[in-house]
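These are my notebook entries on one structure, kept in the order in which I looked things up.

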Amino acid sequence: MLMKRPLLFSALVLTAAVLGLAGCQKTATDEIAVGEFASLTGKEATFGISSHEGTVLAVEEINAAGGVLGKKFKLLTEDNQSKAGESANAVNKLIAKDGVIAILGEVASSRSLEAAPICQSNKTPQISPSSTNPKVTETGDYIFRVCFIDPFQGTVMANFAKKTLKAQKVAVFTDVKSDYSKGLAKFFKEGFLKAGGQIVAELDYNGGDKDFKGQLTAIKSANPDGVFVPGYYTDAALICIQAKEVGLTVPMFGGDGWESDKLTEIGKEAVEGNYFSTHYSPDAGGEKGKAFVEAYKKRYKGKLPDAMAALGYDSALILADAIQRAGSTDGDKVRAMLAATKDFDAVTGKITINGQRDADKAAVILKVKDGKFAYVETVAP
Amino acid sequence: MDWFLQQLINGLALGAIYALIALGYTMVYGVLRFINFAHSDVLMLGAFSAFYLTPIIVPMLGAQTVWTALAVILLSAAICAVIGMTIEFLAYRPLRKRPRLTVLITAIGVSLFLEFTGQHEKVFGAATKPFPTLLPKRDLIFGALHISSNDLVVLALTAVLLVAMWFIVQRTKIGMAMRAVSYNEQAAALMGVNVNAVISFTFGLGSALAAVAGIFYAMRAPGIEPLMGVQPGLRAFIAAVLGGIGNLPGAALGGIVLGLLETFFGGMPGLSNYRDGIAFALLILILLFRPAGLLGKLQMEKV
């Protein structure tokens, strides 16, 4: 089973050609096998299912339009149950047993990082839809992503605070337990100082804390015009509630870790009027975006797509585009074409793959309004 | 000055909750001389009882009324009292004559059992659940000072409960029995005190207080999950030791001191990351000079 993939592929072609038996193999010659690993069950299942649904929709549309290079995509999906260790198994199986030509996945950076070395050593391109940790694509030249990375998001929020909110003095409230939060805070501070703003207070909390009033009172006494809270949705919601209770009423804003229905379920009226940056909004417009929202709603019984769904969709599209341009499913050629992707018109905006194999693309800012997330503006890189 | 008063109120409200939890630890220690580690998970069960009871009670007594809040708190306290007594009956009573370490390990087992059973999808699930708003919120504003009505309710009710506890322990027959068992279990039994009943009562009372504390805790931070009891439970245990374990006013004092320390250090820019480190370093210092705790009396171990 440790055959090199191109060899396996030629072996399959040979077998099929000589024996005329295409049906008994997983990969028929008129199909291109694409692997996907996702957290369909377990604690991050909501993210994984959204992403998977977007990918499935993209594959169905590609096939309905005649496929790529005259062949249909065959999507093979493995569930890693949101567990550490399972992604490596899933990806090993997809590459070695199913002979997939590329891997799509995952949402969580830690699990993308688990799969990346395997894809790299097998020379199988991997495209992560929504892992924002810079380390993911640093694994090697076969690893790509269709989302922006954390440093960019921090800078976006700094410019948004300075230009749109017209904040001059800002406080930063960081979750010191999370690399994601610390990274965002660092890049936000750099960006905000560069834009001519002032950081008046820097306080810390530990993710999972329930009492933030001590820190929030200190932030309030520094009189900021806004507070940057680069944490996850549960902590962010509790922070917004307790901020109101100590009389801190300035706008709060954060990153894509805020994007969850739980933010408004827990925070209720306390999170109203606050902002966060993310990858995509169904209201952001664009022809491609509108068509996607319609198609997604039709396919999934009226459900509105979220950022994970849009990124899952884009990851499949960008792979199809690269295979088309490569004129082959050979790993090296597809890799080269993925790296050369420029101004690809995707649902989440125009994607250009940069030298780090990350996507250069715009972020959107959303505002919490009436318990929903309303589109505010798009910020280009 | 505003800053100081604001932090004082924040710290007192947090400390009051620690005090309520610490009372449960200290009472059980008083009668049985062991630490009931499952106490923090009874707190979690109290919050979840309220979470599931509120939608049932709201149609009867109206949303966000005092009566609904009282009914939810009392019923949750009753449920947790039963749970506490059941835990004692099933897990601790059969081990009463065994070495104390055995019971201690069992308590840790019960605690982990409750936490991880609660995380199962068919029980509560691991995801954070939004806690319902029990009381309408009104902020009292004095200049730059903001006092949340929730914090005032927590402080007032805690004060009432502390007085009630003092009354039960010092002025009632069952309280006298509790003190007798705590002083000398065998002698109390010889005098006709039903030791098992007294221990059951102690667990019930402590668990009811934990349920109330859990609800207060969830009112301040309305996101509940099966591991929510771990942090406040640990702090309250330390508060009980700080005040002098086995000593009721000591537990209350320890809770308030810990709440204040945490809030004040948390509110210092540059130090907020070290708030627990500093708070606990101070505790170690206090215990170095007063090994029996702030209000505890040093007892010679009986041989």
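I began with terms: helices (H or I, at least four residues) and strands (E, at least two) are DSSP runs, numbered from the N terminus, and two strands pair if DSSP finds at least two bridges between them. The model is predicted, with local features needing pLDDT of at least 70, side-chain atom pairs counting only at pLDDT 80 or more, and totals for chains, interfaces and linings using all residues. Residues are numbered from 1 along each chain as its sequence is written, while chains are lettered from A and ligands numbered from 1 in the order in which they are written.

**Entry one: a hairpin in chain A**

I looked up S14(A) and S15(A), and found that they form a hairpin with two residues between them, where Asp370(A) in the turn has a positive phi of about 50°. Seven bridges join S14(A) to S15(A) (residues 372–379), running antiparallel, and Lys369(A) stands opposite Lys372(A).

I then followed S14(A) to S10(A) (residues 275–278), to which it is joined by four bridges, again antiparallel; here Tyr275(A) has Lys367(A) as its bridge partner.

**Entry two: cover**

Is S14(A) mostly covered or mostly uncovered? I noted that five of the seven residues of S14(A) (363–369) are buried, so that the strand is mostly covered; buried means 20 or more other C-beta atoms within 10 Å of a residue's own, exposed 12 or fewer, and partly exposed in between, with C-beta atoms placed from the backbone.
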